[in-house]
Amino acid sequence: MGGKVTCTLGEVKNRADFIIYWGGNPAECHPRHFTKYTIMQKGKFVPLGRKGRTMITIDIRETPSARAADIALIIKPGKDFELGTTLRALMKGQPVDEARVAEIGLSLDTIKDLVERMKRAKFGVIFFGMGLSMTRGKHMNSAGILNIAAEMNAFTKFVCMPMRGHGNVTGADVVLRWTTGYPFGVNLSRGYPRFNPGEFSTVDLLVRGDNDATLVLGADPGATMPQPAIDHLKKTPTIVLDPKVTHTSKLARVHFTTAVTGVSAGGTAYRMDEIPITLRPGLKSPYRTDEEIVNLIIAAVARKPAWRPAPIAQRA
Amino acid sequence: MITLTLKQAVDGVPLEAESICPDVIAALDNAAIRALPVYLGKRQCRIDDFFAVDGETSEEIDVHGDLRKVRWIGRGMTRGRISIDGNAGMHLGAYMKGGTIDVSGAASDWVGAEMSGGLIRVAGNAGGQIGAAYRGSRSGMTDGTIVIGGSAGLEVGMRMKRGLIVIGGPARDFAGLEMKGGTLVLRSGAELRTGAWMNRGTIISLKSIPLLPSFLYSSSYVPTVMGVLGKHLGSLGIDLPLKPAAGTYQRFLGDTSVKGKGEILVWHH
Amino acid sequence: MVKITGGRVYDPANGVDGVVKDIYIGEDGRVTAEGNGSASRTIDANGMLVFPGGVDVHTHVAGGALNFARGLVPENQRVAQKFIHTPELRAGIGGLTPTTFATGYLYAGMGWTTVNEAAVPILSAKHTHEEMHDIPIVDKSTLLLMANNELMLDLLEAGEFERAKSLVGWMLWASKTFGIKAVNPGGVAAWKWGKNANQLHQPIEGYSKVTAAQIVMDLARICDELGLPHPMHLHQNNLGVPGNVGSTIETMNMLQGRRAHLAHLQFHAYGGHDWNTMRSGAKEVAEAFMSHKNLTCDVGAILFGDAVTITADGPWQHFLHELTGRKWGNLDVENETGCGIVPYVYNNHKLVNAIQWAVGLELLLLIDDPWRVYLTTDHPNGGGFWRYPEILRLLMDVEFRKAEVKKLPPEALNRISLPEIDREYSISEMVIVTSAGPARALGLKQKGHLGAGADGDVTIYSATPDADGVMFTHPRYVIKGGKVVVEEGQIRALAEGRVFLVHPEFDPAIEDFIRPTFQKLYTLSFENYPTEMTRLKHPETVGCVPQ
């Protein structure tokens, strides 16, 4: 458990001379990343901009991002963890088994060269995406990158950053942490916050049918989750708050159309590096905001008679 | 002997039943046992809302029924015996310090998590994170024995420090992840990334398994300590192949990515 | 009106030393000289001690760094104190990185009513204020991290002091903070390249003129010239390093004639020259400190047990991670500052930790002016803030202290002065180092005393020890702004605290300088940089008096 060594995006802009994009395709998924924050920017200490930076992609296929790279490493699918582990060993001057390294799809020399380049960097950064965090290994693939970045600090300045998904997922993470102590998958049924991914995380709860009602705000599990989860959403009371009628809305008992946050509703969004940005809605909406609807629900629940558990014989 | 028989199915919202534990129950009379709290989601209920309760003041608890969604049975127990005729839910015997738990059916995730003593036996399959550390904790189990008859899930023995885990069926990825010590026996092998980032400890696989590039072949032999282990496992009813005529153990050392001094012994005919 | 009657009042700021008298708090939440009209609530404080509410002058409870820490240590949250949701109270988790609602309950529950968050980056100040919004009951102030702000360092390099001063003024107002925090001046900027600033008089990494010493002296001067209520609050260079006594004394000498507050002085008072020869340097540091009457300090004492080190001192945290192998969090904030987090355990068998434990107590006992030295643990770096009463006991009971010293490893005994110190704190001195003194240092005139016009923040303790012979762990009553918020162990009638900030005078033309520089160096629009006043719940601006 090395830890998490990171920075805000301006540090990358001003200093990074060595940038790895691993398991992500910012050219298509984070379209302003190159131009606003990373390789195309002229930074305070990287005055030559693109020419002063080396950009490397690591992915299982050639993407538009790979085509923009100085070096595009293509590895076999499902080998990110093995590559990360090999890098950690080589970085420490430790031996590895050459035959098994070859299964990654890169030669040992290529990987050794990558380690040397990393060590020679003045400021290295690894951005890692869902190609890593959502494939076999999941959080362990991410942990691999985190450890590489932490351990590289024995040699030079090095950081990493996850390429977060759309919407204000970072904001949800930040707020949950300060109010409950945990970033996601928080269970409050015993009266205080508890955290256990796999037990309380959304997809697991829905697939197992551990909950008996669902309120969905700004997400569309009906479009992305496994069939047992979708069946469960259909079978149990589901409430959706969303500006659009989503796949989940079609399974739900109640759908509220709400104003689009950032367009007609205000608030605060947290950027992927956790910098808070005030949203400035420019348009008016005929619909209420998510916040107003949630507050109305809370008030309606508070008006209900105080709840007491029913004796077993009376349960349906 | 106290007998708990499930009378109300738990097949939706899980039931949290850390009250089913010898330390909690041993001194109580029947009425007090019936009134012990169990938690159905946010609702606090009584044990006898879900179980028929027979007996009192005993360290031996017999539980009957499909308890696959009944969690935290035997939490932190230090003595006595729980015998489950059926399946068991998550966190079975978590933080256990002593005593025995037997399950005739299957168990779920987090069996024996962070335990420090005692014996857990599951005849059927189990889930992931057996004997493991809860998220962020520096160590998993620090002693004790877990024997799973069937298969197991991800991260078996994650960060275990001492103790013994035996898995009968195949384990999934990351068996022995970040292991710090102790012994993990995989009688039917495992999927990917066994022993990832291990520091110390011994993983024994009786079937060939794929290994990370950070594990290096060392030698082939039958280590003498296997005799001791074999005897101990024999007392638990488990056979370990030991005879040099039948084969040998290939010894792999790693994980070099963390300068680890762990070993994986793979049985080879 | 609230009347507190029959209690023995300790109000050292007004010369009241254990006198039985009544305290009245008016409808406006302030102490009044006499009761006007009938009391809506009378508290019978016979057999009890009545103090002004505690003031924590240096703690880390809200914002990006603390929130980063929360995510890094789920195992701590799992075993920490649980706050169960009730119709009156929000759910939460205590421990070393408490959640926001729990933070308010914990502080109020121990009788502390004002809390100074010691480290805020401008870029994420909105985040800090959002968390402050969710901390109930206590009043709050915040300190802005400036000693590694590269816009300022660039100006100092160019010799543009006046512009740097205006910049600092602008930043304070933009961030809606209360004072200036300097952490490892130059060192955190150097850490952006993986380096540090251990020499006070050598140019900072990336600069040819600016030194750590210059940053220290210039920032202290800026704080005085802006007339901030609280002086520059300094976490010095060379924190934690054996032999840093020299650096500390030199820093004190440099600050000749200027106000300054030295943070967590314990971590800066080590003699010897490496981990093997490390010894307490508290005697030398205390002596030097006493001769510099312009300085105040808080001790940042350590207590044996778990801690989480959270500091802007990035390079030190990398070092601690490599030394201990514990997990490490690091977040560099563009152009401004950074933070590092490493969970840690202070072990009473370890020589280094034993010396650290002694140093904190030695500073409190050797510095003979309680008005200038304050009780903190640099929470959560030295230990949880709810453990302050343990330190009070060590200060007030020399027999208990000596018994605790006996538990230290024998090799520690000739490295520390604590065994020879017989001083015991009086109750009045205790009130000064936990309330009256910090309030005065912060420039919060209505805090830390019970004279007419003071905020009605009162903490009432039993005069007799509890079953374990300990005092001051659980107040009988805590009153905040005239509302009884804690009563016999129950948290009640939640008050909402205020947030103190300053609006110093600065040349508004500085914005014309900042805007294009900002657009060049940062990654968001200039309009999105300042924190809006509307984000603050119950803000109260405190006046600046240029010196």
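1. In this predicted model, C:Val120 has C:Leu144 of strand β12(C) as its bridge partner. The chain passes from β11(C) to β12(C) by way of helix α4 (residues 125-133) of chain C, forming a right-handed β-α-β crossover. Strands β11(C) and β12 (residues 139-145) of chain C run parallel and are joined by five bridges.

2. Strand β11(C) also pairs with β8 (residues 54-59) of chain C; these two strands are parallel and share four bridges. Here C:Thr59 stands opposite C:Glu117 of β11(C).

3. Is strand β11 of chain C buried or exposed? Nine of the nine residues of this strand (residues 112-120) are buried, so β11(C) is largely enclosed by the rest of the structure.

4. Most residues other than glycine have a negative phi, and most peptide bonds are trans.

5. B:Trp110 is not a glycine, yet its phi is positive, near 65 degrees. The residue is located in the loop between β9 (100-103) and β10 (119-122) of chain B. B:Trp110 counts as buried because its relative accessibility is 2%, the limit being under 20%.

6. C:Glu488, likewise not a glycine, shows a positive phi of about 45 degrees. This residue sits in the loop between β25 (483-487) and β26 (490-491) of chain C. With a relative accessible area of 43%, C:Glu488 is partly exposed.

7. The peptide bond between B:Gly254 and B:Asp255 is cis, with omega about 5 degrees. B:Asp255 belongs to the loop between β16 (248-254) and β17 (262-268) of chain B.

8. A cis peptide bond also leads from C:His379 to C:Pro380, where omega is near -5 degrees. C:Pro380 lies in the loop between β22 (373-374) and α13 (388-396) of chain C.

Key:
Residues numbered from 1 in each chain as written. Chains lettered and ligands numbered in written order. Predicted model: local features only at pLDDT ≥ 70, side-chain atom pairs only at ≥ 80, totals over all residues. Heavy atoms only, no water. Buried < 20%, exposed > 50% of the residue type's maximum accessible area, 1.4 Å probe, protein only. Pairing = 2+ DSSP bridges. Right-handed = clockwise from strand over helix to strand, strands pointing away.
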